[in-house]
Amino acid sequence: MQAEGPLSVADYMHECLFHPQWGYYNTRSPIGAAGDFITAPEISQMFGEMIGAWLQDLWQRLDQPRKVNLVELGPGQGTLMQDLLRSIGPNFKKALSVHMLEISPVLQNQQQDRLQSETVVWHPDLEHTLAACQDAPLFIVANEFFDALPVHQMIKQGQDWVEQRIDWCNQENCFRFTQDLSKVTSDAVFETCPMAQDIMQKLSQKIVQLEGAMLVIDYGYQDGSTGATLQAVSKHKYHDPLLHIGKVDLTAHVDFKTLVEVAGTQGAQTWGPTSQGDFLYKLGIRLRAQQLQRKASSRQRAELEQSLHRLICPTQMGTLFKVLAVTAPNTPIPSGFS
Ligand code: SAH
């Protein structure tokens with residue numbers, strides 16, 4: 001930074017998260033009650049089970065192709081995949097070749113531990129992933145993956161949009177935004193995520209070419225609204241994104257409107273985004289909870305009720321989290337999106 005000048009927000013985010021030696025994802029295991037944040041698959045096994053049910057339903061409606069490449073983007077601790085694979089029918093399971101795209105060696109180790117009994121191939125980047133998935137329809141799942149991709153921030157100054165940058169301040173010994181974010185009204189900030197667009201473009205192109213579908217679940221906005229959403233989280237609390245770098249998680253809200261547009265340019269069909277609460281409810285999560293509760297102790301019954309609440313209630317993850325499906329054209333309406 002001293003040699004080359006201030007970084008874009010995207011470069012800063014990338015370094016904080018993925019620096020080989022100091023990066024957040026390379027040095028720790030961030031997910032879970034003891035970590036920094038908790039995700040839907042870590043809240044309840046029902047989440048992965050519902051995703052499994054969604055994929056199996058689609059597979060059946062595509063006339064049960066003999067082989068499907070199932071790709072998970074950013075699988076965290078591997079919990080979603082474990083719950084998904086345990087809950088699907090044997091014929092669907094037999095058809096699946098499982099691939100995981102994971103950048104963090106720490107998390108890849110955890111995934112390998114958790115999925116020891118399954119056949120899974122890991123890939124370090126999208127190019128390797130796609131090269132290995134040319135021979136069959138493609139099913140892709142991405143839960144809280146797109147929010148980890150680096151965003152650029154543009155700020156309105158007079159008539160111009162200028163890029164927000166982050167610089168090191170020698171006098172005060174800290175990182176600083178080069179434009180003062182507190183002085184701009186929030187809709188004068190515009191975020192873009194070229195990496196998310198690039199990934200969506202390549203994956204929807206493949207889905208159109210090979211058949212299949214992608215499910216993107218993340219917190220985000222769908223009205224093209226602007227504003228700064230870059231945020232830092234550590235131990236389940238918000239922090240200043242310019243402090244404790246490499247020790248806090250940095251994310252930005254996902255711009256679903258742009259993802260839908262990008263998928264459209266490839267001729268893919270999109271469904272939603274709908275709210276996570278609505279999606280899970282329509283897939284029958286309440287019935288699944290009741291089924292699990294029948295065999296549970298009273299403490300487990302209460303826990304199940306509580307996790308159901310966290311996943312679908314509008315004041316919890318139910319509304320903030322959105323679900324977007326991308327399919328090849330002429331695919332029947334996927335479940336959860338009526
Ligand atoms: N899906 C998991 C984890 C979400 S955290 C869950 O729901 O619990 C984000 C995940 O994406 C982590 O596994 C992180 O290492 C991975 N990730 C982030 N950026 C990535 C990139 N550019 N390439 C591959 N994996 C990435």
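Start with the largest pocket, which has a volume of about 590 Å³. The model is predicted, so treat each stop as a computed feature.

**Stop 1: the largest pocket**

Select G74, L101, I103, F145 and L149. Of the 35 lining residues, these are the closest to the pocket's centre. Now colour by element. α1 (9-18), α3 (40-43), α5 (79-87), α8 (126-131), α9 (194-210) and β14 (249-251) each give two or more residues to this lining. Pick out α9: with three residues, α9 gives the most. Then switch to colouring by residue class. The lining of the largest pocket splits into 17 nonpolar, nine polar and nine charged residues.

**Stop 2: the ligand**

Stay where you are. The ligand sits in the largest pocket. Which residues come nearest to the ligand? Select F18, T39, G74, E102 and N143, the nearest of the 19 residues around the ligand.

By class, the shell around the ligand holds twelve nonpolar, five polar and two charged residues.

- E102: a polar side-chain atom lies 2.5 Å from an oxygen atom of the ligand.
- N143: a polar side-chain atom lies 2.7 Å from an oxygen atom of the ligand.
- I103: a polar backbone atom is 3.3 Å from a nitrogen atom of the ligand.

How much of the ligand does the protein bury? Taken alone, the ligand exposes 570 Å², and the protein buries 97% of that.

**Stop 3: the second largest pocket**

Move to F37, I38, V233, Y238 and F321. These lie nearest the centre of the second largest pocket, which is lined by 19 residues. The space in this pocket is about 520 Å³. Select the strands β12 (231-234), β13 (237-239) and β14; each supplies at least two residues of the lining. By class, the second largest pocket is lined by nine nonpolar, five polar and five charged residues.

**Stop 4: the cavity**

How many cavities of 30 Å³ or more does the structure hold? There is one. The largest cavity has a volume of about 30 Å³. Select V71, L73, L126, T129, L130, C133, L138 and L203 to show its lining. Seven of these lining residues are nonpolar, one is polar and none is charged. β2 (68-73) and α8 each supply at least two residues. The largest share comes from α8, with three residues.

**Stop 5**

Go to E144, in the loop between β5 (138-143) and β6 (152-157).

Finish at P273 in strand β16 (residues 269-275). Select G272 with P273 and check the peptide bond between them. The bond is cis, with omega near 5°. Both details stand out because most residues other than glycine have a negative phi, and most peptide bonds are trans.

Methods: Residues numbered from 1 in each chain as written. Predicted model: local features only at pLDDT ≥ 70, side-chain atom pairs only at ≥ 80, totals over all residues. Heavy atoms only, no water. 1 Å grid on protein atoms, 1.4 Å probe; cavity = no way out; pocket = protein on both sides within 12 Å on 5 of 7 lines; lining within 4 Å. Points joined across faces, edges and corners; volume = space filled by probe spheres on them. Helix = DSSP H or I, 4+ residues; strand = E, 2+ residues; numbered from the N terminus. Nonpolar A, V, L, I, M, F, W, Y, C, P; charged D, E, K, R; others polar. Near = heavy atom within 4 Å. Polar contact = N/O pair within 3.5 Å; in protein donor to acceptor, adjacent residues only side chain to side chain. Areas by Shrake-Rupley, 256 points an atom, 1.4 Å probe, with all protein chains shown as cover. Sits in = over half its atoms within 2 Å of the grid points.
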